[in-house]
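Good morning, colleagues. I would ask you to look at the following structure with me for a few minutes.

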Amino acid sequence: MSRTARQSWDVVVVGAGGAGLRAAIEAREQGLRCAVICKSLFGKAHTVMAEGGIAASMGNVNQGDNWQVHFRDTMRGGKFLNQWRMAELHAQEAPERVWELETWGALFDRTPDGRISQRNFGGHEYPRLAHVGDRTGLELIRTLQQKIVSLQQEDHRETGDHESRLKVFQEYTVTRLLKSGDRISGVFGYERESGRFFTIEAPAVVLATGGIGKSFKVTSNSWEYTGDGHALALLAGASLINMEFVQFHPTGMVWPPSVKGILVTESVRGDGGVLRNSDGKRFMFDYVPDVFKEKYAESEAEGDRWYEDPDHNRRPPELLPRDEVARAINSEVKAGRGSPHGGVFLDISSRLPAEEIRRRLPSMHHQFKELADVDITAEPMEVGPTCHYVMGGVDVDPDTAAAVGVPGLFAAGEVAGGMHGSNRLGGNSLSDLLVFGRRAGLHAARYAAGLAAADRPAVADADIEAAEAEALRPFGAEGGDPAVSQGAAENPYTLHQELQQSMNDLVGIIRKGPEMSEALRRLAALRERSRRAGVEGHRQFNPGWHLALDLRNMLLVSECVARAALERTESRGGHTRDDHPAMDRQWRRVNLVCRLSEESPGSAAADPLLGLVRVAHREMPPIRGDLLALFEKDELVKYLTDEELTT
Ligand code: FAD
């Protein structure tokens, strides 16, 4: 029998970013005992890096804003592929979630008359992003942590134990979801520092593990974004949708090489920054697609007037959705009009006084000074596209965040799919985390509370032993490739670099059928080699071992991205096909659903190119009539088929 440490909780939340913490708060507020597990330090989730702000139609800066306008913008940004019910709930509930944060102690920047200030961002019709300078994520996490501490203090007063109802396990990594029959029964993983294994039994698990950026070479994402939640869900029998849609943020740093990919917030453009090529031209005016032509300025003068008088002018094209701007930058660089280090110029220095830049964009000022020795108050930045966000994720029920087909599993935040369609608008992630984090916590709690004690799924010893054996394979233990124990192991770092390079080169911002087929061939070879990923030493703080385990997840999600991207023969949002450049209305009705192959691993190994993932087409549910009525017919014809328009 396994001697792995074992505990029992009602709800386990995997991930302590915005989505996970909001879910945990809700589960605890419902009276359930909730454990939060995070692989990094508590407080160092990805959410902390969010800069620009949180989108919510509070209408503080322009009273024309309301949830319907936010819903419209979100659907346009996602090119109408969004799960519309999620987009509706998100737009309706985001303001309440922001006000709630304020009651919990968040200190947002203010308007002159004392309301929460809101700034412009790409794709948002009105100034909509509540913010704290360019450090909004930090304030969001600080506030949620503070709320957790206050709940723990309440629990201490009642039970004498701060952690009786809400406990954080930091630097714990989950490697397997456990099931009893079809139902979730808990999680298994290891402690980062000691390498000891742990099991937590719980009938409800909320995945809030964030994104997948570390599968790509140039990314704004940090080390923990290895697609763990996506892979854990797949391995537990759930499906992933929209995995072909990966967002390449238009403005990452391009120089020096050591910082390539680090994000330059969209607030720079929201606050007036402009993009220029090596000829000094504001090239975005040449890249406004037909579907957006009516909404964007035709001249620099009009675009500039918009900042002062948005009611009588159209917005500058630098504020088009991210997919459009990223493609435009890519084209300029390819045409030989790039900056010296392979990007373009982003200039705020000639647009705002130095003092104002330092006030509004303190982190950007600091980041460029420290990392690139560039003073953004005096000279332009060099920027280029960087892998930033995955729109695809766990297939969930829009109202409850329950993973389709796996009772007891829930997902929220970046790991969940559907909300953002083919392209996320800036600021819509932080609001998504709070809206659907709360919903996931609420419904996970209700699900767990609804089970009688005798009906709780139990964790089987055999499942723990299998999870232990899998985790120990990189040490050449039982079940791995004998070559590992004989010393012919593959280096996990080399495998990771090859994976990142392949995804960057072959499934990146501009895609072609033959290149993606080549990517699948390389992934098959890497998958075979990863069975021999081996490490030396012991289990105590061994980053090589951790990476060897993360490789399984990155390879799985990369296969989902490549297979779905090869299948979708059109260009839409974050998915651009050089060989299928147009958006096709027939494809709008299709969700691509990735599942783990049901064939035995043996047969997949016999033909490795078949891989481990199968992609199926699923028709999107029709958009509800009252929501469609929010759009002009002229606009809908660009996205919907004739059949959809007449029904
Ligand atoms: P995260 O905040 O990433 O949290 C994931 C958690 O899961 C972490 O605690 C991690 O340790 C844990 N975890 C992962 N795997 C495991 C595992 N196997 N076991 C245990 N724990 C695990 N969005 C906006 O809306 N506005 C912005 O201004 C904005 N700016 C951004 C700036 C940057 C630089 C970046 C990178 C992103 C930005 N985004 C922004 C996007 C947004 O920050 C993220 O999408 C969002 O924070 C994701 O939150 P999350 O709660 O889903 O996951």
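I shall speak about the ligand shell, then a strand, then a pair of helices. This is a predicted model, in which local features need pLDDT of at least 70 and side-chain atom pairs count only at pLDDT 80 or more, while totals for chains, interfaces and linings use all residues. Residues are numbered from 1 along each chain as its sequence is written.

Around the ligand there are 42 residues, the closest being Gly15, Gly17, His46, Gly210 and Gly413; a residue counts here if its C-beta atom, placed from the backbone, lies within 6 Å of the molecule. The largest share of this shell, four residues, is supplied by α11. Helices (H or I, at least four residues) and strands (E, at least two) are DSSP runs, numbered from the N terminus.

Next, strand β15, residues 344-347. β15 pairs with β14 in the antiparallel sense over three bridges, where pairing requires at least two DSSP bridges. Val274 has Asp347 as its bridge partner in β15. Three bridges also join β15 to β16, again antiparallel, and Phe345 has Glu382 as its bridge partner in β16.

Finally, the axes of helices α5 and α16, lines fitted to C-alpha atoms over the stretch in contact, come within 8 Å and cross at roughly 80 degrees. α5 is therefore roughly perpendicular to α16, a term covering angles of 65 to 115 degrees.

Note on methods. Axes are lines fitted to C-alpha atoms, for helices over the stretch in contact, and angles run from 0 to 180 degrees between N-to-C directions. Angles under 35 degrees count as roughly parallel, over 145 as roughly antiparallel, 65 to 115 as roughly perpendicular and the rest as oblique.
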